[in-house]
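Me: I am new to this structure and would like to learn how to read its features. Please take them one at a time, with the general idea before the case.

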Amino acid sequence: MDNQLIKDSLESGSFSSSTHAIETISFDSAQVVQKEYSIPQRYYKDQLVLLPINSKKFYIYWEFTNNLLEQFEIEYATQIQFKVIDNQSHIIKEIDCLGEVGEYFVNDLQYTTKIRVVAGYYKDDTFVEIMCSNRIGAFNTQINYKEKDKLVYLKKEKGFTEIIRASLQHFTIGMSSASYLKEIERLQEVSKSSQNIFSSHTLGGK
C-alpha cells in the first residue's frame, strides 16, 4: 500500500497546480532583462547650476542653447565668462566658459557668505549678464546647542567619566603604580578633551 501511495504521488498529474505555479514564477523571473539607460550629453535647456561640496569646494554645471546665444548675438560660447559673486556682488572668482555644455569644480575657495554664479559676456567693455545660478550658503562648522541640550550633554559627559573612573578602580588590583598613573592621566585627558570640544561649540537658543 505504501508503494502504491508513492507511485500515485509521483504520477505526472499529482500536485500539478503547485508545480505549475513554481515553474511559472521561476520562468518569469528568468525572463527579466536588465534595461540600460544612457545619460544624454545635453538636455537642450538653458541652465546654470551651482552645487556645494564642502566649505572650500563647489561644482558648476551649465548648458547654453543656440537660441540663447542668438538672442544675445554671441557667436561662440567661449565668449561667455562666469563670475562667482557674494551677497554684496563682489567678484571672488572668474571662470572662462569652455563650451555650450560643461562643468567645473572650484577648489580652495573659502567663502563665508551666500554666493552665486553669473554668466555673461563683454560688449564694448561692459559686462552683459545673460544668466544667473541659484544661491548657496557657506558651510557652518559650529554646532548650536539649546540650553536644555547643554545640560543633557554635561550630564552625559559626567556620567561617562564616572563609568571610566569606576572601571579604572576595578582594574587597579595588581596594577603597578606606573600603569595606574598612566591610566589616571588618560582619564584626565579624556575629560579635558571632552570639555574643550564642548567649549568650542556655539551655544544658542535657536
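Me: How many salt bridges does the structure hold?

Reply: Side chains of opposite charge can pair when their charged atoms come close. Here a salt bridge is a side-chain nitrogen of Lys or Arg within 4 Å of a carboxyl oxygen of Asp or Glu. The structure holds three of them. This is a predicted model, in which local features need pLDDT of at least 70 and side-chain atom pairs count only at pLDDT 80 or more, while totals for chains, interfaces and linings use all residues. Residues are numbered from 1 along each chain as its sequence is written, and side-chain values use heavy atoms, with hydrogens and water left out.

Me: Which residue forms a salt bridge with Glu63, and how far apart are the closest N and O atoms?

Reply: The partner of Glu63 is Arg42, with 3.2 Å between the closest N and O atoms. This pair links distant parts of the chain, 21 residues apart: Glu63 is in strand β2 (residues 57–63), and Arg42 is in the loop between α2 (16–30) and β1 (47–54). Helices (H or I, at least four residues) and strands (E, at least two) are DSSP runs, numbered from the N terminus.

Me: Is Glu63 buried or exposed?

Reply: Buried means under 20% relative accessible area, exposed means over 50%, and partly exposed is in between (1.4 Å probe, protein chains only). Glu63 has 0% relative accessibility and therefore counts as buried.

Me: What does Glu100 form with Arg42?

Reply: Glu100 forms a salt bridge with Arg42, and their closest N and O atoms are 3.0 Å apart. That pair also links distant parts of the chain: Glu100 sits in the loop between β4 and β5 (101–106), Arg42 in the loop between α2 and β1, 58 residues apart. Glu100 counts as partly exposed because its relative accessibility is 26%.

Me: Where do Lys83 and Glu94 lie?

Reply: The side chains of Lys83 and Glu94 meet in a salt bridge, at 2.7 Å from N to O. Lys83 is in strand β3 and Glu94 in strand β4, so this pair ties together parts 11 residues apart in sequence. Lys83 counts as buried, at 5% relative accessibility, and Glu94 as partly exposed, at 42%. Salt bridges that share partners join Arg42, Glu63 and Glu100 into one network.

Me: What sits over the ring of Phe127?

Reply: A charge sits over a ring if NZ of Lys or CZ of Arg is within 6 Å of the ring centre and within 35 degrees of the ring normal. The charged end of Lys83 sits over the ring of Phe127, 4.7 Å from its centre.

Me: In which sense do β3 and β4 pair?

Reply: Two strands pair if DSSP finds at least two bridges between them. Strand β3 (residues 81–85) and strand β4 (residues 91–96) pair in the antiparallel sense, over five bridges. Gln81 stands opposite Asp96 in β4. The two strands form a hairpin with five residues between them, and Ser89 in the turn has a positive phi of about 65°.

Me: What order do the strands have in the open sheet of four strands?

Reply: In a regular strand the side chains alternate between the two faces of the sheet. The order in this open sheet is β4-β3-β6-β7, with antiparallel pairing. At the edges stand β4 and β7 (126–132), each with a single partner strand, so one side of each is left without a neighbour in the sheet.

Me: How many aromatic pairs are there?

Reply: A pair of aromatic rings is described by the distance of the centres and the angle of the planes. Rings of Phe, Tyr and Trp (its six-membered ring) pair if their centres lie within 6.5 Å; planes under 30 degrees apart count as stacked, over 60 as edge-to-face and the rest as tilted. By this rule the count comes to five aromatic pairs. Among them is the tilted pair of Trp62 and Phe82, 4.7 Å centre to centre with 50° between the planes. Trp62 and Phe82 are both buried. Another is the edge-to-face pair of Phe72 and Tyr121, with 6.3 Å between centres and 70° between planes.
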